[in-house]
Amino acid sequence: MSPVDFCGIELAHPVINASGTFDAIAARRAFGDALLAQFPFAAFVSKTVTIAPRQGNPPPRLWELPAGLMNSIGLPNKGLEGYLAHDLPELSRLPVPLIVNVMGFSREEVARLVTAFARRDEVAALELNVSCPNVETGLVMGADPGEVARLMSAVRPLTDKPLIVKLTPNASDVAAVAVAAEREGASAVSLINTIRGMAVHPRTGEPWLGGTTGGVSGPAVRAIALAQVRSVAEAVDIPIVGMGGVTHGRHAHELIGAGATLVAVGTESFRDPAASARIASELALASGESHDSGRGLAGLQS
Ligand SMILES: Cc1cc2nc3c(=O)[nH]c(=O)nc-3n(C[C@H](O)[C@H](O)[C@H](O)COP(=O)(O)O)c2cc1C
C-alpha cells in the first residue's frame, strides 16, 4: 500500500493501533523478533501516560457485550518517570514511529507531560487524551470546546512535534470541540474514544464494573464512529485518525471514505494481535491497491 504522510511523518500504510489496546512490550516478550520483523502497525501509539503512577480501577474491569467490550481499566501506568525510565527505551526499538498518548488532570499537568516528551527524539508525535475531568473546573476537558481551546493554547507553544487531540464521543458537539482544537493549533484529531456505558451484576443488581461505569468499544460503536468522523471531517481541515469497531479492511475503508487519513484498530487486537496487518492488506484490496504486508503473520496469531 502507498505510504501515507501524516503530519509530516511518513507511514508505510494507514493502519495504526488505538491507545491502550496493544502492549508492544508484552507482545515483544511473547512473539520475540517476529513482532519487530512483521510489526502489525504503521505507527505505535502508547497507552495513556499520566504524571503520577496509577494502579487503575478495582476489578472487575471488563464486561463482554454482544458486539464489543466494556472496560473500566482506569488508565494504570507507571507515571511519567516510570515511562521514561522503563517503557520509552523499549518502545523506541520498535520499527515504526512512536506516538505517546498523555493525559493530565489540569492544563499544568498536560503542559508538564508535553514538555517532557518534547525533548525526546524517540517520540514522533503526542496524542492528548482529553477524556478526563479538569480538577480545576470539574468539566471533562474534551467535552467542552472552551476547555480544549484553553488547553491547546497552553501546550501548543511547548513543542514543534505534532499534537493529536483524542476527542471524546461523550460530548454534545464533537465537531465543535474539533474546530476549537484546530483553531488553537492541533495538528490532527483522533476519534472515537470509548462511549460511557454500564453493566449490572446479574445477581446483586449492583454495577458490575469496579469503576461503576466503563467505556464501550468494538463493533458496537462502529456506526457512531463513522458518523462522528464524518461530522468532524466536514468541520476541520487537519488530518483525522478514525477508530471505533474496526475489524476488517472494509471498515477502515469506510472510515477513510468518511474523512480519516489514518485508521486505528483497538478491541480487535485483543482477539487477534495480528489483526491490523490483515486489516491493512484488506484495506489495500478495498482501495484497489496490492499489498502483501499482512502475509506470513501466522506466527503472531494468538
Ligand atoms: C481495554 C482498553 C483500553 C484502552 N485504553 C486507552 C488508553 O489508555 N488511552 C486512550 O486514549 N484510549 C484508550 N482506549 C480507547 C481506544 O484507544 C479506542 O479509542 C476505542 O477502544 C475505540 O476503538 P475500538 O472500538 O477499535 O476498540 C482503550 C480501549 C480499550 C478497549
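Residues are numbered from 1 along each chain as its sequence is written, and side-chain values use heavy atoms, with hydrogens and water left out. Because the model is predicted, local features need pLDDT of at least 70 and side-chain atom pairs count only at pLDDT 80 or more, whereas totals for chains, interfaces and linings use all residues.

The ligand has 23 residues around it, among which Thr-48, Lys-166, Gly-218, Gly-245 and Thr-267 come nearest, a residue being near if one of its heavy atoms lies within 4 Å. By class this shell holds 7 nonpolar, 15 polar and 1 charged residues, where Ala, Val, Leu, Ile, Met, Phe, Trp, Tyr, Cys and Pro count as nonpolar, Asp, Glu, Lys and Arg as charged, and the others, Gly among them, as polar. Among the polar contacts (pairs of N or O atoms within 3.5 Å), a side-chain N or O atom of Lys-166 is 2.7 Å from an oxygen atom of the ligand, and one in the side chain of Asn-101 is 3.1 Å from a ligand oxygen. Gly-245 takes part through its backbone, with an N or O atom 2.7 Å from an oxygen atom of the ligand. Taken alone the ligand exposes 610 Å², and the protein buries 95% of that, the areas coming from the Shrake-Rupley method with a 1.4 Å probe.

A cavity is here a set of points, on a 1 Å grid over the protein atoms alone, where a 1.4 Å probe fits but cannot get out, and its lining residues have an atom within 4 Å of a point. The count is 1 cavity of 30 Å³ or more, and the largest cavity has a volume of about 70 Å³, taken as the space filled by probe spheres set on the points. Its lining comprises 13 residues, with Ile-16, Val-45, Ile-99, Glu-127 and Val-241 nearest the centre, and it divides into 10 nonpolar, 2 polar and 1 charged. The strands β3 (15–17), β13 (240–243) and β14 (262–265) each supply at least two of the lining residues, strands being DSSP runs of E with at least two residues.

Turning to the backbone, the peptide bond from Pro-59 to Pro-60 is cis, with omega near -5 degrees, and Pro-60 sits in the loop between β4 (44–45) and β5 (62–65). Another cis peptide bond joins Leu-191 and Ile-192, with omega about 15 degrees.

Conventions:
On a 1 Å grid over the protein atoms alone, a cavity is a set of points where a 1.4 Å probe fits but cannot get out, and a pocket is an open set with protein on both sides within 12 Å along at least five of seven lines; lining residues have an atom within 4 Å of a point. Helices (H or I, at least four residues) and strands (E, at least two) are DSSP runs, numbered from the N terminus. A polar contact is a pair of N or O atoms within 3.5 Å; within protein, one must be able to donate a hydrogen and the other to accept it, and residues adjacent in sequence count only if both atoms are side-chain atoms.
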